[in-house]
Amino acid sequence: MGFHRLPNGNVIEDPTNEAMLKRVRNCCIALALLAIILASIFGPVEGARPPQLSGYKAVPIHYGRLNKMIMSVRINWQPANLLVDTGSNQVILDATAAELFGVRPSQRAEGLARPTVEGFGLEGFRYIRLAQINGQELPVGFAQSLTAGSMSFGSVLVALRNSSRQDSGNARVDGVLGLDILGRYKAVINCRTKLVFFKVDQTRQMQLGPVAASEKFTRIPLRREENGALTVPCSIHGQPARLLVDTGAFITTFHEAFVRSLGIPLKATRVSAHFARGAARKVSAGQIDDLRIGDFKAPRAKFGVTALPNFALQQGSTRISGILGIDTLYNYHAIIDFDGMNLFLK
């Protein structure tokens with residue numbers, strides 16, 4: 001603490017020392033947050049350096065076909081592409097891609113493990129553990145290293161799933177980056193600026209709320225359900241419901257029974273929605289005039305409507321009425337803040 005002697009002889013604390021430095025630090029943090037938020041409104045400047053925030057590391061993402069939010073990573077030091085998916089509880093790799101990266105189901109010497117899992121080219125082996133995902137039991141492997149840009153996540157457990165590696169633009173998708181990583185590192189996902197911020201200094205507090213409010217963002221509290229899913233409150237025609245926040249879903253989709261109960265007319269489309277376990281459903285379109293997501297009043301728009309499968313509808317003890325997808329999140333400048341557990345929309 002510094003002190004300063006006034007001309008009259010009195011001694012006071014020196015305002016140019018610790019207090020001043022604290023104000024400067026707070027100002028720098030506020031300016032960094034403002035840069036992050038303003039970029040989400042006006043879009044990133046081509047060739048500009050990503051906004052830097054002390055205590056966080058920024059990792060760029062890009063969008064592929066069907067609005068897929070893709071992050072370039074390295075798995076066991078080999079390049080890969082993962083879908084940033086808040087609808088998944090953990091990292092999942094395509095089994096074929098995982099084998100190329102040197103990630104295989106862990107073997108167990110004892111004969112006490114669960115039954116073998118077929119279809120992974122490893123029949124006859126027994127595994128240390130299986131992961132239960134959307135009613136499926138998937139073998140779990142171990143990646144020695146997972147990195148993205150300058151961010152290192154260390155070694156991670158990954159679920160292995162047989163799936164066709166989809167082409168998203170010019171980039172294949174080798175799996176998904178799920179809530180285990182996003183939650184552990186208190187990620188801030190800026191859907192508009194194509195940046196994800198990971199917290200590396202746990203003593204830092206981002207405090208996005210006041211800065212976001214000053215830029216007319218609406219704060220909606222996120223809730224983590226018992227099964228790990230992220231949901232937010234919503235209402236249509238004043239009827240309350242909850243939505244699953246899912247950056248892995250390419251369009252926002254409401255449950256057909258819920259929309260029909262509100263008397264909203266539907267129109268058939270050529271679009272189909274594909275869910276886990278091979279479930280595919282035709283998607284209709286319904287115009288919703290008074291959708292509210294928390295206190296955010298969404299503009300009048302058409303949204304997807306389909307008969308969501310039961311495993312998607314039941315999230316822990318909460319039954320959702322729809323899935324808030326990346327199209328809506330992008331259009332409304334969404335910022336998903338795992339540190340403050342808030343969704344900001346504008």
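Which residues do ring pairs link into a cluster? I looked this up before anything else. Ring pairs join Phe153, Tyr185 and Phe198. I note that the model is predicted.

**Entry: overall counts**

I find seven helices and 32 strands. The chain has 346 residues, and 48% of them count as buried. I looked at contacts between residues at least 6 apart in sequence: 62% of these join residues at least 24 apart. The accessible surface comes to about 17000 Å². Carbon and sulfur atoms hold 51% of that surface.

**Entry: aromatic pairs**

I count five aromatic pairs in the structure. One of them is Phe254 with Phe303; the ring centres are 5.7 Å apart. Their planes stand at 85 degrees, over the 60 needed, so I log the pair as edge-to-face. Phe254 sits in strand β22 and Phe303 in strand β27 (residues 301-306). The two are 49 residues apart, and the pair links distant parts of the chain. Phe254 has 0% relative accessibility, so it counts as buried. Phe303 is buried too, with a relative accessible area of 6%.

Phe296 belongs to strand β26 (residues 296-297). Tyr332 lies in the loop between α7 (326-331) and β31 (335-337). The pair therefore ties together parts that are 36 residues apart in sequence. Both residues are buried.

**Entry: Thr252**

Is Thr252 buried or exposed? Thr252 has a relative accessible area of 2%, so I record it as buried. Thr252 lies in the loop between β21 (239-245) and β22 (253-255). I checked its side chain for polar partners. A polar atom there lies 3.0 Å from the backbone nitrogen of Gly325. The side chain of Thr328 makes a polar contact of 2.6 Å with that of Thr252. Leaving aside neighbours within four places in sequence, I list contacts of Thr252 with Phe303, Gly304, Ile323, Leu324, Gly325, Asp327 and Thr328.

I followed β3 to its partner β17 (residues 195-199) and found five bridges in the antiparallel sense. Pro60 has Leu195 as its bridge partner in β17.

Definitions and conventions
Residues are numbered from 1 along each chain as its sequence is written. This is a predicted model: local features need pLDDT of at least 70, side-chain atom pairs count only at pLDDT 80 or more; totals for chains, interfaces and linings use all residues. Side-chain values use heavy atoms; hydrogens and water are left out. Helices (H or I, at least four residues) and strands (E, at least two) are DSSP runs, numbered from the N terminus. Buried means under 20% relative accessible area, exposed over 50%, partly exposed in between (1.4 Å probe, protein chains only). Contact means heavy atoms within 4.5 Å. Accessible areas come from the Shrake-Rupley method with a 1.4 Å probe; for residues, only the protein chains shown count as cover. A polar contact is a pair of N or O atoms within 3.5 Å; within protein, one must be able to donate a hydrogen and the other to accept it, and residues adjacent in sequence count only if both atoms are side-chain atoms. Two strands pair if DSSP finds at least two bridges between them. Rings of Phe, Tyr and Trp (its six-membered ring) pair if their centres lie within 6.5 Å; planes under 30 degrees apart count as stacked, over 60 as edge-to-face and the rest as tilted.
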